[in-house]
Amino acid sequence: MNLQLTPPDSTQLPWVKLASAQRVSPKSWLEVLERYQLSPHELLKENTALCEKTKALIGQISQPYVDAAFKWKEAGQNRHIITLDSPFYPASLKQLDSPPLALFATGNLELLGQKQIAVVGSRRASHQGKRIANDFSLGLSNNGVVVTSGLAMGIDSAAHQGAMAGSTGTIAVMGTGPDKVYPAKNIKILNDINDNGGLSISEFFPGQGPKPWHFPRRNRIIAALSLGTLVVEAKIKSGTLITANLAADLGREVFAVPGNIFHAYSEGCHWLIQQGAKLVTTSNDILEEIEIYPEQISLGIDEQDEKSAANSLATDKLLASVDYDITAIDVIAQRNALSVSQAMASLLEYELRGLVAAVPGGYVKLRGK
């Protein structure tokens, strides 16, 4: 039995039709509308007098894509089509030279109207980089800032997870249609975002999979939506730096976390800092820049005791021998004149307190001196 679909929204349909013409840029359509002083609905009327060039553009409209868009919307809960004239369409996206004519969204549309910071970085991030992205995103989310990222592996995934653990949530900007997930292993993160107060958006039509040229287009949306872009780890030649440069070109703030000068994934951050990006070490640095001041919450007795104990541990020689980059267990043992088994046994307490983490190749320090 065929699913009975409700008729497409009459105000959305013309915009979705224009957007379905995959070889025609949004900028081209907006120039046509401006030239003829017509709305999309008026432009698509059969009796509208148009030049042959414009008629050829209209001939690029894909009815299968249009049908897929509205079928997708009707087939699930909390799905939305946001067109350029919608009250939910972010004003910041209209600053783009070629803004999307339609967005396909799942989840909480209210997030689009809130303050956002983009958190981006390498797909092959280090353990420490992912921890930093998670911590920054949690801090931003707990202070009312939406974290926006691109649903990629590494830094993006850590940013989404940190934000969802906070109180505000996250926006995932996709490089595929709203019904496709790339990478596929991030389906759980996407479902968590869509089902728990977050939002996923895409300018690509349902059924469209990942293509190399999709991701620069996705990155421009990430940069435009946000007040600023935080780069955690990135190589010099990377999509992450393209996003940061797009943000700077749009007049947005760019933030970068410094790292080890010998680490290839720190090169991009250090280059950005040399170009004028703001060096940040905590989420508070970003909050102050966008004029949000976190409340000073006093510690309870139990929290004070735990912090005191952690600080006590943080002053000893064993913890000092673990670096913020991966430190081999035999190096830690040598630095402390211990056997490897003794060093591993001693480090267990630090792991339980969240001061170090065991990773492939050894240990990394998470916090402390």
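Biologist: How many positive and negative side chains has the chain, and how far apart do the centres of the two sets lie?

Modeller: The chain has 34 positive and 36 negative side chains, with the centres of the two sets 7 Å apart. Lys and Arg count as positive and Asp and Glu as negative, while His and the chain ends are not counted; each charge is placed at NZ of Lys, CZ of Arg, CG of Asp or CD of Glu. This is a predicted model, in which local features need pLDDT of at least 70 and side-chain atom pairs count only at pLDDT 80 or more, whereas totals for chains, interfaces and linings use all residues. Residues are numbered from 1 along each chain as its sequence is written, and side-chain values use heavy atoms, without hydrogens and water.

Biologist: Why is the pair of Trp72 and Phe104 called edge-to-face?

Modeller: Rings of Phe, Tyr and Trp (its six-membered ring) pair if their centres lie within 6.5 Å; planes under 30 degrees apart count as stacked, over 60 as edge-to-face and the rest as tilted. The centres of Trp72 and Phe104 are 6.0 Å apart and their planes stand at 85°, so the pair is edge-to-face.

Biologist: What makes Trp72 and Phe104 buried?

Modeller: Buried means under 20% relative accessible area, exposed over 50%, and partly exposed in between (1.4 Å probe, protein chains only). Trp72 has 6% and is therefore buried; Phe104, at 1%, is buried too.

Biologist: Which residues do ring pairs link into a cluster?

Modeller: The cluster consists of Tyr65, Trp72, Phe104 and Phe205. The structure holds four aromatic pairs.
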